[in-house]
Amino acid sequence: MKYVDEYRDPETARKYVEAISRTATRPWTIMEVCGGQTHAIVRFGIQDLLPDEIELVHGPGCPVCVTPLEMVDKAIEIATRDEVIFCSFGDMLRVPGSDKDLLTVRAEGGDVRIVYTPLDAVKIATDNPDKQVVFFAVGFETTAPANAMSVHMAKVRDLNNFSVLVSHVLVPPAIEAIMSSPENRVQGFLAAGHVCTVMGTHAYGPLANTYGIPIVVTGFEPIDILQGIYMCVRQLEDGRAEVENQYDRAVRDVGNPAAQALINKVFRVIPRKWRGIGMIAESGWTLSDTYAYYDAERRFGLIDTDIAEPEDCISGLVLQGLKKPSACPAFGKQCTPDHPLGATMVSGEGACAAYYRYRKEKAA
Amino acid sequence: MIEAKSFAITCPLPLFDHPRIKLAHGGGGRLMQRLINDVFMAAFDNTTLREGHDGAVLELPNGRPVITTDSYVVRPLFFPGGDIGALAVNGTVNDLAMCGARPLYLSVSFILEEGLETETLWRVVQSMRVAANAAGMEIVTGDTKVVERGHGDGIYINTTGVGVIENEIRIKPQCIRKGDVIIVSGDIGRHGMAVMGAREGLAFTTLIESDCAPLWKAVSAMLSARIDVHCLRDATRGGLCAVLNELAQAAGLQFDVVERDIPVAASVRGACEVLGLDVLQVACEGRFVAIVPKSDEEQAIEIMKAHNDAAVVIGRVTDGEAGLVTLQTAIGGRRILDMPAGELLPRIC
């Protein structure tokens, strides 16, 4: 398949692995930020191909994993209402809230639907004028343009029965939070290619300068990731700390200005709580005042709460790259994809689920 | 795949008195009698059915009889490459075939939803007729119930199949041996993607047709050629991934498969990439895994290729860790291929 097979070629992969092995003279710890990259790393067995010097740690870039428990509970509260059709991306449905998930709400009679784009939810709202249609707008900068577009469309069409439950988070503040932690072990980053397709690369220069770390904007196919690792290792060995773009077939430095303009119109920056990590300043988006009418939290009068995570779950440490999933005492025992304690076991992009599915033999 | 054009789909005229199924069609009275006579008898007609008895008295050839049952629920009822009727016959035919049994008789139980268009039922029944004929099976007994509107998805079908094993061969996971080769009978994942595409209205899956098909002929050809088939299993829900895990666990052996050797149509692969689905977990309805000794590999492949050109060896059985399935990835890494979690949920991005 064109544009896929070229990036999964075993011979090219072997050459990059050799180049990485030749270049690395000592141990380096590199974090891939994005859950999609984590998924590819475990799906293609990339870590096993790398020399022992290179340790990959899996970052907080899975939107399903970092959506806070309180927000999942709010989604469940809204989805339970008789007048609501609740729309979501598929993998949010299995995320455990305080006492159930959205799949359970559906089994109990709630109208919970999987959509492939938020614009489908707008269509559902148009087709069901007597229902309140709510879309669960989660994700990083990648999903933001389409989510913003859905709200904008609702406003243009004067759709009064559409709203969004927003739980948007941003990558650069998360990198900053990780680098500022006294326990940080990360020496270089593979930044999330698709996030940069939208936002460009300008936010990363100051981070690379301030913290003296190389940041390589990287794609999602195995060859992308291997090349990204190679570029990162070369910078580390050279003592450089620059922003480089491995994923230049998709990412321009300026990003996508049209998408950014829409995002800036529809959203405004706020502090956000990250599941397992906690509050990070200026790390998320909510609807701007112009579009606040479409805020589901406001429409349904939901109150902010603060809920503790299950004690056995170390997903917060996993999301910060401080622990590997297999270091968790509950991993593969009390916590499995069928019975997840934390969100990192739920999503296919979550580090724990990825480890469980693809690397079971390495469990502690 | 069942050719929709190979039979007349026009409903017999009297049924237009009742263009939709009513509760009375399952009530045991005159309306039900007409439904049986004008739809089911008209389509499935055979000597046993004509006797109008409460059950079917079967004549079985020599051999070991096999019975299997399955219920079919699918939305939408019609999808590219098949429909619930073809599925309900082929699914049960295939369960018999996987035991090495020649399919002979079928019972059919319908649960119909009040308000179902009679024409829809007629099309499904005709599709079942064609599929049963293709498999050489007779539909010899059945039942119909009608549930209130809103209590069903149009049509649910249960079929029970009876077949007979006409030789002494033992086909079961416990017969799998170290060194055996693992063969898949064709490209995987078509059915799941065709149904998902039709259900969700996904434009990029419109070219994908279900692989829904009977498998007995391919199995029969292998048995006739005296291939020492150790185990067979059709890949349905959970896809190839579930089959490999089930068999490795039941056999207490390790399976090693090679990702690059697993045949997947480009359209199916593309759709799975877009949706973030693992094609190895996507359902098939006309594909099976055959596990045979290495010595029979060439002959088995030759026979299977005559039925589907994509049939290929994808891996082998080792005595590593009991129940483990490993996958050599496209770029040469290796990973565990674990049992699917359940419902396939498209990823966010």
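In which loop of chain A is A:I277 found? A:I277 is found in the loop between β10 (267–274) and β11 (278–287) of chain A.

The legends below describe a predicted model, in which local features need pLDDT of at least 70 and side-chain atom pairs count only at pLDDT 80 or more, while totals for chains, interfaces and linings use all residues. Residues are numbered from 1 along each chain as its sequence is written, and chains are lettered from A and ligands numbered from 1 in the order in which they are written.

Figure 1. Helices (H or I, at least four residues) and strands (E, at least two) are DSSP runs, numbered from the N terminus. A:I277 counts as buried, with 23 C-beta neighbours inside 10 Å. A residue is buried if 20 or more other C-beta atoms lie within 10 Å of its own, exposed if 12 or fewer, and partly exposed in between, the C-beta atoms being placed from the backbone. Leaving aside residues up to four places away in sequence, A:I277 touches A:P60, A:A177, A:G316, A:L319 and A:Q320. Two residues are in contact if their C-beta atoms, placed from the backbone, lie within 7 Å. A:L50 is 227 residues from A:I277 along the chain, and their C-alpha atoms are separated by 29 Å.

**Figure 2. Contact between domain 1 and domain 2 of chain A.** Chain A is divided into domain 1 (1–311) and domain 2 (315–359), with bounds that come from an automatic or database domain assignment. Taken over C-alpha atoms, the centres of the two domains are separated by 18 Å. Domain 1 of chain A brings 30 residues to the contact and domain 2 of chain A brings 21 residues. On the side of domain 1 that touches domain 2, α2 (35–43), β2 (54–61) and α4 (63–66) of chain A each supply at least two residues. The largest share of that side, six residues, comes from α2(A). By class, that side of domain 1 has 14 nonpolar, nine polar and seven charged residues. Here Ala, Val, Leu, Ile, Met, Phe, Trp, Tyr, Cys and Pro count as nonpolar, Asp, Glu, Lys and Arg as charged, and the others, Gly among them, as polar.

**Figure 3. The largest nonpolar core, with A:A75 among its members.** A nonpolar core is a set of buried Ala, Val, Leu, Ile, Met, Phe, Trp, Tyr and Cys residues joined through C-beta atoms within 7 Å. Of the 127 residues in this core, A:A75, A:V134 and A:A191 touch the most other members. Helix α12 (residues 222–238) of chain A gives the largest share of the core, nine residues. Both domain 1 (1–311) and domain 2 (315–359) of chain A give residues to this core, so it lies between them. Not counting residues up to four places away in sequence, A:A75 touches A:F86, A:L102, A:F136 and A:L165. A second, separate core of 107 residues includes B:I21, B:A218, B:V268 and B:V317.

**Figure 4. The side of chain B that touches chain A.** In this interface, 22 residues of chain B are in contact with 38 residues of chain A. On the chain B side, α8 (266–275) and β13 (334–336) each supply at least two residues. The most comes from α8(B), with four residues. By class, this side of chain B has ten nonpolar, five polar and seven charged residues. The predictor gives the complex an ipTM of 0.80 and a pTM of 0.86.

**Figure 5. B:R233 in strand β8 of chain B.** Strand β8 of chain B covers residues 231–234. B:R233 counts as buried, with 22 C-beta neighbours inside 10 Å. Apart from residues up to four places away in sequence, B:R233 touches B:M98, B:V243, B:E246, B:L247, B:F288 and B:V289. The C-alpha atoms of B:R233 and B:V268 are separated by 22 Å, and the two residues are 35 residues apart along the chain.

**Figure 6. Backbone details at B:P76, A:E282 and B:R226.** The peptide bond from B:R75 to B:P76 is cis, with omega near 0°, and B:P76 is placed in the loop between β1 (64–72) and β2 (78–79) of chain B. A:E282, in strand β11 of chain A, has a positive phi of about 45° although it is not a glycine. With 13 other C-beta atoms within 10 Å, A:E282 is partly exposed. B:R226 is not a glycine either, and has a positive phi of about 60°. B:R226 lies in the loop between α6 (216–224) and β8 of chain B and is exposed, with 11 other C-beta atoms within 10 Å.
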